[in-house]
Amino acid sequence: MADIAIFYVSVHHKNTEKLLKNMCSGLEIDLYNILENPDVDISKYKVFGLASGIYKSDYHKKVYEFLEKNINLPKVSFLIYTSGIGGKNYYKKVEKFLNEKEIKNIGVFQTKGYDTFGILKYIGGISKKHPNENDILKGKTFILDILNIIKNK
Ligand SMILES: Cc1cc2nc3c(=O)[nH]c(=O)nc-3n(C[C@H](O)[C@H](O)[C@H](O)COP(=O)(O)O)c2cc1C
């Protein structure tokens, strides 16, 4: 079993799932789609990541429900998200939520994801082809940094 797991929601175009599967491939990290595995025991991990597409400026509500349901959350976390415009502050609400539970956030990675929400579909969407190879490469660097931080703790 890995010491680290990432729990994610990815419902629009599977952008976040594509990013995670590629950036974490070959690494000792367990990936769980929260919608398919709502009852995983998160307490057995030392560190956990939370990943989501951004839906109306925030993480998916199922991420919050998952956190509320689990009382024995590990005390160290990191955050990953994809969004149509690549907004830099979309993690603030979930970070606040974690901090209120005395969980430390040790890093944030975000990148763009193909977005056809609402009227955007009439123009063919924005951020087409994202996350692309370069985004995934940056994600890989991020997750390797996280693994190093944890190793040296
Ligand atoms: C209902 C909905 C609301 C969205 N709201 C935002 C938003 O506020 N800001 C943004 O940049 N992108 C927004 N998007 C675009 C998604 O964040 C983007 O496509 C993301 O990569 C989706 O990830 P997923 O394919 O893993 O679900 C929204 C998409 C949907 C479906």
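**The ligand site and the backbone around it**

Tutor: S57 sits in the loop that runs between strand 3 (47–53) and helix 2 (61–69). The model is predicted.

Start with the shell. The ligand is surrounded by 21 residues. The closest are S10, T16, I54, Y55 and T82. By class, the shell holds 7 nonpolar, 11 polar and 3 charged residues.

- T16 places a polar side-chain atom 2.6 Å from an oxygen atom of the ligand.
- Y55 also brings a polar side-chain atom, at 2.6 Å from a ligand oxygen atom.
- I54 uses its backbone: an N or O atom there lies 2.5 Å from an oxygen atom of the ligand.

How much of the ligand does the protein cover? On its own, the ligand has 650 Å² of accessible area, and the protein covers 89% of it. The site is the largest pocket, and the ligand sits in it. Two elements give two or more residues each to the shell: helix 1 (15–23) and strand 4 (76–83).

Is T16 buried or exposed? The cut-off for buried is under 20% relative accessible area. T16 has 2% relative accessibility, so T16 counts as buried. That value takes only the protein chains as cover. The T16 side chain also has a protein partner: a polar contact of 2.9 Å joins it to the side chain of T82. Both T16 and T82 are among the closest residues to the ligand. So much for the site itself.

Next, the backbone. Most residues other than glycine have a negative phi, and most peptide bonds are trans.

K14 is one. Its phi is positive, about 65 degrees, although K14 is not a glycine. K14 lies in the loop between strand 1 (4–9) and helix 1. K14 is partly exposed, with 36% relative accessible area.

S57 is another. This residue has a positive phi of about 70 degrees, and S57 is not a glycine either. S57 is partly exposed, at 40% relative accessible area.

H130 and P131 are joined by a cis peptide bond, with omega about 0 degrees. P131 is found in the loop between strand 5 (104–112) and helix 4 (133–151).

Finally, sequence separation against distance in space.

Y64 lies in helix 2. Y64 is buried, at 15% relative accessible area. Along the sequence, Y64 and V94 are 30 residues apart. In space, the C-alpha atoms of Y64 and V94 are 7.8 Å apart.

E133 has its place in helix 4. E133 counts as exposed because the cut-off is over 50%, and its relative accessibility is 73%. E133 and N99 are 34 residues apart in sequence. Their C-alpha atoms are 32 Å apart in space.

Conventions
Residues numbered from 1 in each chain as written. Predicted model: local features only at pLDDT ≥ 70, side-chain atom pairs only at ≥ 80, totals over all residues. Heavy atoms only, no water. Near = heavy atom within 4 Å. Polar contact = N/O pair within 3.5 Å; in protein donor to acceptor, adjacent residues only side chain to side chain. Areas by Shrake-Rupley, 256 points an atom, 1.4 Å probe, with all protein chains shown as cover. 1 Å grid on protein atoms, 1.4 Å probe; cavity = no way out; pocket = protein on both sides within 12 Å on 5 of 7 lines; lining within 4 Å. Sits in = over half its atoms within 2 Å of the grid points. Helix = DSSP H or I, 4+ residues; strand = E, 2+ residues; numbered from the N terminus. Nonpolar A, V, L, I, M, F, W, Y, C, P; charged D, E, K, R; others polar. Buried < 20%, exposed > 50% of the residue type's maximum accessible area, 1.4 Å probe, protein only.
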